[in-house]
Amino acid sequence: MVGPNRPLFVLFGSSIVQFNFSNGGWGATLADIYARKADIVMRGYSGWNSRRALQVVEQVFLKDAAVQPSLVIVYFGGNDAMGPHPSGLGPHVPLPEYIENMRRIGSHLKGLSEKTRIIFLSCPPVNEEKLRETTSGFFSELVRSNEACRRYSEACIELCKEMDLKVIDLWTAIQKRDDWRTACFTDGVHFSADGSKIVVEEILKVLKEAQWEPSLHWKSLPTEFAEDSPYDLVASDGETTVNISEWTFHREIQWD
């Protein structure tokens, strides 16, 4: 850790997390929004399912760690929802096991500290046609369907209601755009910049509306070392300085 201590946000998931600093990704956008307010730490594992995540969750999130996360955002499901391979190999996890795996992951995270907040992201949709075009011949046939994503998404949402966890219904949120199939993905499954914008909007909405004390919404968190200084930029009057620590002029989107 480098000090002074800021809130720690950990993003835990499969490639939707590992790739989220690329192509205008949602992790990079969150890191920009929370600059000087919270540390965004990525723990993404491309190709993983909930079964593999459960195997390492206690190593990634140590119960006796000196500093526990203020927020954990969790995503697994898209790989679990893939069709089973005849060999028995591959990332497919049957729906009942997926639910149980996510339950155990959620229970472990809830036990980290009383102040650790959790948001699950449900399985987003896929563009099946685009996936068929972009899937490499290096792999055996990859069976992904939007219908399977819906079932795993709904299961995640129901589990979170049961466990009193915040959840974002990405399957529905992405499909609110009429052009979601072409606009929201780079390859039919991983998010483009437009798709990531939707993820950020939904995360910020949850953080703004959550009745958490303290609030983790970016506008509620203090900016580190934000006090006025004679070393700030000199104002037009030539006698005072201008503190720009809270300015957001560089952002294309002024996030709420």
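1. At 13% relative accessibility, Trp-48 counts as buried (buried means under 20% relative accessible area, exposed over 50%, partly exposed in between; 1.4 Å probe, protein chains only). Tyr-45, with a relative accessible area of 22%, is partly exposed.

2. The model is predicted: local features need pLDDT of at least 70 and side-chain atom pairs count only at pLDDT 80 or more, whereas totals for chains, interfaces and linings use all residues. Residues are numbered from 1 along each chain as its sequence is written, and side-chain values use heavy atoms, with hydrogens and water left out.

3. Rings of Phe, Tyr and Trp (its six-membered ring) pair if their centres lie within 6.5 Å; planes under 30 degrees apart count as stacked, over 60 as edge-to-face and the rest as tilted. By this rule there are nine aromatic pairs. One of them is the stacked pair of Tyr-45 and Trp-48, at 4.6 Å centre to centre and 25° between the planes. In Trp-180 and Phe-185 the ring centres lie 6.1 Å apart with the planes at 80°, so this pair is edge-to-face; both residues are buried.

4. Phe-12, Tyr-45, Trp-48, Phe-61 and Phe-76 are linked into a cluster by ring pairs. Phe-12 points one way from β1 with Leu-8 and Val-10, while Phe-9, Leu-11 and Gly-13 point the other way, and all are buried.

5. Strands are DSSP runs of E, at least two residues, numbered from the N terminus; two strands pair if DSSP finds at least two bridges between them. Strand β1 (residues 8-13) runs parallel to β2 (residues 39-44), joined by six bridges, and Gly-13 stands opposite Gly-44 in β2. With β3 (residues 71-75), β1 pairs in the parallel sense over five bridges; there Leu-11 stands opposite Ile-73.

Technical notes: Helices (H or I, at least four residues) and strands (E, at least two) are DSSP runs, numbered from the N terminus.
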